[in-house]
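Visitor: I have a model open and want to go through it piece by piece. Can you take my questions as they come?
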Amino acid sequence: MSQTYYDLLGVSQTASFDEIKRAFRQKAKACHPDYHPNDKEAERQFKAINEAYEVLKDEQKRAAYDQYGHEAFVNGMGAGAGRGFGGFDFSGSGFESIFEEMFNGFSGGARRTRTAQRRGADKRVDLTVTLEEAYRGLKKKVSVETYVPCEACQAKGGKNTETCATCGGQGHIRQRQGFFVMETECPVCHGMGKTVKDPCGSCQGTGRVYKKRTLEVNIPAGVDTGVRMRLSGEGDAGLNGSAPGDLYVFLSVKEHELFKREGEFLFCEVPVPMTTAALGGEVLVPTIDGQGEKVTVKAGLQSGTQIRLKGKGMPQLKGNGFGDLFVEFKVETPTHLTARQKELLTEFATAGQGNQSACDAFVDKIKKFFGS
Ligand SMILES: [Zn+2]
Ligand SMILES: [Zn+2]
């Protein structure tokens, strides 16, 4: 039985965002790899609390986590949907970027580990889709500029590698500053421990070149603003053939002119002519699948009446179901009446108003209020 994310951060389930943030900073500092080099347990702990924070800091993810529970949440996403290309990363493993965001302040940005430096950087690309696209899911092309492996030297950076003379192949150098011995990355080989004797002309010996590329992203049905997808290995190529970073696609969904959305639920206001409201009849309600649905309203429909169309909302991102569509009818009073229309309505008024219980009750209350 694993600990919940709340346990990991040592906060209650009702903790505010600020409390969570504070707890995270404290815990992250306590087990930060920079202060505990080669300590596997500290590293494991650091990853775990980052994972917890990734979820709890995000309102949507936190709500989903609360709803589905730890076990379901952790096993449900990441594992099933796959974390490879086009996989859907919900549990949040982009901990390096948080790591940098948070600790650049402490370390001045200069202290990065050897592996972090050699591995290519993670990249971010923003993508906006329409509500209809989010409903169906789609393949979308995105343009990104990243480092890619240099073809001319097969990412080796050139010919004839030799042990770096500056660091003796260690990848880092030690410098004495007062009482302290600082270990920094070797500026000559960038932590590789090797240098190239005949550097490649295309990439100046780095083994990678900058290039604009087009990728096809598989966007699953049901995505919402704030959803982030990870394309493994599609970030910057690493130095001299080292592992590439990942590409993160940050999604946002455009506002729709007919529908408002809350998670898997859609809301729509539908105007109804006064006469249809009074006499009853058919009203065409738009649906996100583009079909529309004819709804029969009974005579005497009131403005503000709501109905719920089951399964006519958005598809669930985690699951096969659909949310519902909530429709609110708004009865419209006509303006700019013709003489004939006025005549008819006046005649209607003099024939008695029909049963208008709210109006009648209101008049009674007014009478009582004025004491007559
Ligand atoms: Zn090259
Ligand atoms: Zn070196």
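Visitor: Is Cys-153 buried or exposed?
Guide: In this predicted model, Cys-153 is buried, with a relative accessible area of 10%. Buried means under 20% relative accessible area, exposed over 50% and partly exposed in between, with a 1.4 Å probe and protein chains only.

Visitor: What does the zinc ion (ligand 1) have around it?
Guide: Cys-150, Cys-153, Cys-200 and Cys-203 coordinate the zinc ion (ligand 1) through their SG atoms, at 2.3 Å. Donors are N, O and S atoms within 2.8 Å of the metal (3.2 Å for Na, K and Ca); water is not among the atoms, so sites may look incomplete.

Visitor: Which parts of the chain does that site tie together?
Guide: Cys-153 sits in the loop between strand S2 (138-149) and strand S3 (158-163), and Cys-200 in the loop between strand S6 (194-199) and strand S7 (208-219), so the pair ties together parts 47 residues apart in sequence. Strands (E, at least two residues) and helices (H or I, at least four) are DSSP runs, numbered from the N terminus. Cys-200 is also buried, at a relative accessible area of 9%.

Visitor: And the geometry, what is it at the zinc ion (ligand 1)?
Guide: Tetrahedral, with angles of 104 to 114 degrees among the four donor atoms. Four donors count as tetrahedral if all angles lie between 85 and 135 degrees. The donors follow the spacing C-x2-C-x46-C-x2-C along the chain.

Visitor: Which residues hold the zinc ion (ligand 2)?
Guide: Cys-164, Cys-167, Cys-186 and Cys-189, each through SG, at 2.2 to 2.3 Å. The site of the zinc ion (ligand 2) is tetrahedral, with angles of 102 to 118 degrees. Its donor residues are spaced C-x2-C-x18-C-x2-C. Cys-167, in the loop between S3 and strand S4 (172-177), and Cys-189, in the loop between strand S5 (180-185) and S6, link distant parts of the chain, 22 residues apart. Both of these cysteines are buried.

Visitor: Switching to helix H2. Which of its residues are buried?
Guide: Ile-20, Ala-23, Phe-24 and Ala-28.

Visitor: Where is Leu-127, and what does it touch?
Guide: Leu-127 is in strand S1 (residues 123-129) and counts as buried at 8% relative accessibility. Setting aside residues up to four places away in sequence, Leu-127 touches Lys-140, Val-142, Ile-219, Val-249, Phe-250, Leu-251 and Ser-252. Contact means heavy atoms within 4.5 Å. Leu-127 and Phe-250 are 123 residues apart in sequence, with their C-alpha atoms 6.0 Å apart.

Visitor: How many helices and strands are there in the protein?
Guide: Ten helices and 15 strands. Buried residues make up 34% of the 372 residues. Of the contacts with a separation of 6 or more, 65% are between residues 24 or more positions apart.

Visitor: What conventions apply to the numbering and the values?
Guide: Residues are numbered from 1 along each chain as its sequence is written, while chains are lettered from A and ligands numbered from 1 in the order in which they are written. Local features need pLDDT of at least 70 and side-chain atom pairs count only at pLDDT 80 or more, whereas totals for chains, interfaces and linings use all residues; side-chain values use heavy atoms, with hydrogens and water left out.

Key:
Tetrahedral: all angles 85-135°; square planar, octahedral: opposite > 155°, others 65-115°.
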